[in-house]
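Visitor: I would like to learn how to read domain contacts and helix packing. Please take me through a case.

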Amino acid sequence: MDTSKGQNLYQRAKELIPGGTQLLSKRPEMFAPGQWPPYYASASGCRVVDLDGNRFTDMSSMGIGSCLLGYADPVVNKAVIQAVQDGTMSTLNSPQEVELAELLVELHPWADMVRYARSGGEIMAIAVRIARAASGRDRIAFCGYHGWSDWYLAANLSEGDSLDGQLLPGLAPVGVPKALGGTIFPFHYNVIEELEEIIAQYGNSVGVIVMEPFRYQGPQDDFLLKVKEIARKNGSVLIFDEITSGWRHHLGGVHMKLGIEPDMAVFAKAVSNGVPMAAVIGKRAVMDSAQNSFISSTYWTERIGPAAALAAIKEYRRRDVPKIVGETGSAVHRIWKSAAEKAGLALAVEGPPALSHFSFACNNAAALGTLLTQELLKQGILGNSAFYASAGHDEKALQDYELAVNTVFPKLKRALDEDRVEASLEGPVAHKGFTRLT
Ligand SMILES: Cc1ncc(COP(=O)(O)O)c(C=O)c1O
């Protein structure tokens with residue numbers, strides 16, 4: 001397979017764009033350096049054509065979780081094209097933002113008001129600003145990944161590795177004002193004692209508790225209920241970050257399925273199926289504080305984002321997309337488990353079906369994961385050990401994937417048994433977490 005056009009362009013990109021791409025998770029180094037196709041020419045459903053004309057079935061993250069309906073969904077595209085034809089921007093506002101607010105509060109009866117941005121990190125910064133404004137307190141207790149902003153990376157100012165146990169290791173707070181040290185404290189999912197400790201120590205200055213309500217594991221022992229109770233008692237605003245969990249497990253967000261209402265919930269990525277859009281919804285008493293804080297930006301008013309979100313959300317509801325992706329994810333779980341068993345390969349499958357992954361039980365898992373990606377590429381599959389199910393994954397994709405996994409897993413097992421995993425790699429081992437590229 002020739003990917004040289006893409007690889008050469010990426011070499012040039014690294015000279016022009018610090019870090020090569022705008023998103024760590026799109027760096028080819030995170031998959032199989034020098035082998036993973038860096039660029040796409042076109043994408044539709046679950047199929048991607050790279051810059052060199054190679055065709056792949058995407059069995060990885062579907063645009064880092066953004067394309068829950070599949071790529072270039074015709075219904076979303078139609079809404080976007082209409083928005084383009086009607087003018088994406090003007091001196092006046094787009095009525096779609098009111099229509100979208102109506103839909104979001106209809107789907108979340110606990111919420112009354114909505115604000116928008118166009119990306120996840122941005123809308124999280126807005127949510128935290130509003131929550132700080134509403135509580136009148138600066139400090140934050142957090143769990144999970146919430147993007148690239150100063151308020152979040154500040155967690156690594158006091159303890160250099162506070163963020164390592166959340167999602168991404170290696171996030172040095174370079175460029176984040178040291179004065180933000182001591183403003184944000186981590187707790188781990190399902191470890192309520194850690195949150196209790198933060199509140200015991202800093203309680204009256206903690207204005208915000210922010211967390212992903214669900215990533216790969218669900219709440220145990222009423223964890224979310226206990227978090228909510230702590231927030232209520234302490235007078236802290238509880239924010240659920242549904243940027244990754246939203247829409248795929250349940251229409252709206254996973255908090256609706258779990259039956260826990262926060263004070264604010266945040267959506268991006270799948271909310272608009274591949275088109276820039278982000279929303280924070282919340283209770284009136286909290287959201288109204290946004291009137292006292294200057295939160296304002298020109299392109300938060302363009303028309304394409306809300307038009308795409310309206311179309312995507314209506315499709316999620318009409319097609320019952322959470323059910324579809326749950327079934328697709330379960331089918332992939334079965335493929336992994338049965339192929340591993342046949343090959344005699346030890347692996348653990350984790351996560352809910354709609355957002356699943358597996359881990360190898362061996363001491364050179366990073367090299368083995370790179371070999372997996374390398375060999376899947378040869379079978380026409382974009383893949384690693386994580387799978388984000390989408391409604392764009394059809395029967396044929398699952399059949400092709402099953403065949404590919406059943407071809408590749410025995411190769412991995414042989415490489416392990418013969419102690420030649422690293423020797424079988426045709427490029428360097430994939431990076432883990434954030435590092436400088438050169
Ligand atoms: C839970 C969560 N919050 C925030 C973000 C940041 O979103 P974005 O990459 O759109 O800035 C992400 C992205 O992966 C996420 O998964």
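Guide: This is a predicted model. Begin where the domains touch: 15 residues of domain 1 are in contact with eleven residues of domain 2.

Visitor: Which elements give two or more residues to the side of domain 1 that touches domain 2?

Guide: They are α12 and β12, the latter spanning 355-360. By class, that side of domain 1 has nine nonpolar residues, five polar and one charged.

Visitor: Now the helices. What describes two packed helices?

Guide: Two things: the angle between their axes and the distance between the axes. Here, take α12 (residues 321-343) and α14 (residues 395-417). Their axes come within 9 Å and cross at roughly 30°.

Visitor: Are α12 and α14 roughly parallel or roughly antiparallel?

Guide: Angles under 35 degrees count as roughly parallel. α12 and α14 are therefore roughly parallel to each other.

Visitor: Is the crossing of α12 and α14 left-handed or right-handed?

Guide: Right-handed.

Visitor: Which residues in α12 meet which in α14?

Guide: From α12, look for A331, I335, W336, A339, A340, K342 and A343. In α14, they meet L398, Y401, E402, V405, N406, F409, P410 and K413.

Visitor: How many residues of the contact of α12 with α14 are nonpolar, polar and charged?

Guide: Eleven are nonpolar, one is polar and three are charged.

Note on methods: Residues numbered from 1 in each chain as written. Predicted model: local features only at pLDDT ≥ 70, side-chain atom pairs only at ≥ 80, totals over all residues. Axes fitted to C-alpha atoms, helices over the stretch in contact; angles between N-to-C directions. Helix = DSSP H or I, 4+ residues; strand = E, 2+ residues; numbered from the N terminus. Parallel < 35°, antiparallel > 145°, perpendicular 65-115°, else oblique. Left-handed = near helix turned anticlockwise from the far one by under 90°. Contact = placed C-beta atoms within 7 Å. Nonpolar A, V, L, I, M, F, W, Y, C, P; charged D, E, K, R; others polar.
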